[in-house]
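Here is a short briefing for a reader new to this structure. Keep the model in view while reading.

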Amino acid sequence: MNKKIGIPRALFYYQYYPLWKVFFEELGAEVILSDNTTKKIMDDGVKLTVDQACLPVKLFHGHILNIKDKVDYLFIPRFTSVSKNEYICPKFGGLPDMVRNTIKDIPKIIDTEINLRKSDKKVLEAVLEIGKIFTQDVRRIKNAYKKALENYYEFRNKVKEGTLPCDILEKKFNVIRKNSKHRLNIALIGHVYNIYDKYSSMNVIGKLKNDDIDIITIDMIDDEIINKNVKHLKKQMFWNYGRKAIGAVSHLIERGDIDGIICLMAFGCGIDSFVCDLIERKIRKDSKIPFIVLNIDEHSGEAGMNTRLEAFIDMIRWRNKNEDNVSAYG
Amino acid sequence: MKITFPHMGNTYIVAKSLLDDLGIDYQIPPFNNKKALEIGTKYAPEMACLPLKMNLGNYIEAYKKGADTVLIVGGCGPCRFGYYCEMSREILQDNGYDMDVLTLELPNGNIKEFLRRIKKLTGGLNIYKILKVIKNTIMVSKKVDDLEKLTFKFRPIEIKKGSVDKIYTNFQNKVLKTKGSKEILKLIERTKNQILRLEIDKKLNPLKIGIVGEIYTTIDYFTSFNIEKILGNMGIEVDRAITVSDWIIEHIVKNILPIKKDEDYKMAAKPYLGAMIGGHAQETIGNTAIYANKNYDGVIQIYPLTCMPEIVAESILPSIERDLDIPILTLIIDELTGEAGYMTRVEAFIDLLEKRRERVEGGKELVLYGS
């Protein structure tokens, strides 16, 4: 019987799922995804974890609970770093330990460390270590990884062309509706697992789309452009997300066709607390682009979110209509 | 150029000794206080961790006294501390405080840049003198920590309550007026002898509590509400694994020189947390296990709100609590923490530990009254 690998639909699912899925399937395993985030998953996660943890980590635990009884293995790699000289959030590095120590009766966890801080070549070691669980045939593992990479690059390219990862992953495609309203370009800055999770982000993406807005996210911007645009930093950002976010925003400011920037952050996110602040300072200093920070946590009320979003969009539309920017007073 | 640096417990003594020996002009900010925290909270991002807020308060208070350059150490993640230098620079500039931020670090192993910064700091001192100064500074940091450890030991068993505190506070104030590592070392030695001469009750067997957690909130007595002093005066012996000298030796000296690092806590943490994840999470886990094996009565974890590595540690600690049978209390601190609520929790924890020990000493299972 095929081994069943459980992948929670949370955190890096939105970034690497196309890679993992093909890799495991090529090795003859069956990939089982947890359900889309629901209220139950969120509540479970909140109950399980320490109250200090951020929303995405809580959700992750909820997703684990959702699939743990259906699978032989849980895939929770220890992500220390995904790029040279950079880290990701410390919570990712401790994730397998957190899960192991908070959830009881848990299947085997594949917790191979993925640490590319020193060298990119480490990835092959990690791949072989994971692959050896299924087969001893090194060539087969390498081939599976090659196919997985191809699929992943295809996914990345689609994203760079402007399709949202959540649409690709859920196989939804945009139907462009005719509308008299002027289409706006809004940049949505945030961690992949915050902005693409429909439930926890309270469907920000859907709401913007329905309002005739084209969304631009960090993933759609090429790495080269990002690297070119972080050179103004005196000290290199050591978080992968931080570098991308700041580079992307600098690029968007220069581009000139962006009508507004939304920063979606999870309450208690350590990285966002610094990155969002730096972004805000940069935008306010170098441009006149409207900017808003939206905070999500497990208590967020959708009405509050709607109000803020609508006000923000209305303001931009008014601004575009009255091109001479007449003061609102009198 | 007038240098200032952030406060963190007794670090000012170490920094003072270093700057004195190098002959650099500096301004020590007023000790951590409510006002500084308020200033910091006003300027820092809302969700930033407490140490950044406290540091900003220090810089601005020192700026008002004439300092124009901030000297701090850096790092390269994944903990937020590594980016403090840049955040501070931006925030100070945006709010009209014209201060330069000088970071002592090895930016991606670039030794040239490190030496350039040292040179900027010291002017034209020769390398041998600098090395000698560094050696003396490390000495001072070690002695200061030893002295602190001594107060932890003596507070619970002193006969005349409050005598250690009196001597120690006196020392902390006097050290501000002392110049140079030589004089500071002498003062430490004198203080040490004063404490050693105190009358103590050798028969007492005080409760023992280990303190673990994020470095700033555990070392800095203002942010931890003087927890070591309070526990000590309640008759409890405290130990804290993380110290300033440890940090300097483990994180700075041993990174430059090829000396083997202290691996005890890593071994102890291994079954629970398999890798270094930044900050002091691994230390927290490892030291808790070590304390449990040394038969401590309890462990207190302290960390600032939203501290990423410690959140991971906190979720793992219950397993240690269960496996090694040691009570653990987690205290989270931010700018809104009230002392009364904090103390209530600590006192309740102490009561529990006392009852627990009675039960062990009595050799029987006690029944709760009325049940």
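The contact between the two chains draws 36 residues from chain B and 30 residues from chain A. The model is a predicted one.

**The side of chain B that touches chain A**
- Two helices of chain B, α4 (84-94) and α14 (308-324), each supply at least two residues to the side that touches chain A.
- The largest share comes from α14(B), with 9 residues.
- By type, the residues on this side of chain B divide into 22 nonpolar, 9 polar and 5 charged.

**The sheet in chain A**
- Chain A holds an open sheet of 4 strands, in the order β2-β1-β3-β5, with parallel pairing.
- At the edges of this sheet stand β2 (30-33) and β5 (108-110) of chain A. Each has a single partner strand, so one side of each is left without a neighbour in the sheet.
- From one strand to the next, the twist averages 35°.

**One strand pair in detail**
- Strands β1 (residues 4-7) and β3 (residues 73-75) of chain A pair in the parallel sense, over 2 bridges.
- Which residue of β3(A) does Ile5(A) stand opposite? Tyr73(A) takes that place.

**A helix across the strands**
- Helix α1 (residues 13-26) of chain A lies across β1, β2 and β3 of chain A.
- This helix, α1 of chain A, runs at about 175° to β1(A).

Conventions. Residues are numbered from 1 along each chain as its sequence is written. Chains are lettered from A and ligands numbered from 1 in the order in which they are written. This is a predicted model: local features need pLDDT of at least 70, side-chain atom pairs count only at pLDDT 80 or more; totals for chains, interfaces and linings use all residues. Two strands pair if DSSP finds at least two bridges between them. Axes are lines fitted to C-alpha atoms, for helices over the stretch in contact, and angles run from 0 to 180 degrees between N-to-C directions. Two residues are in contact if their C-beta atoms, placed from the backbone, lie within 7 Å. Ala, Val, Leu, Ile, Met, Phe, Trp, Tyr, Cys and Pro count as nonpolar, Asp, Glu, Lys and Arg as charged, and the others, Gly among them, as polar.
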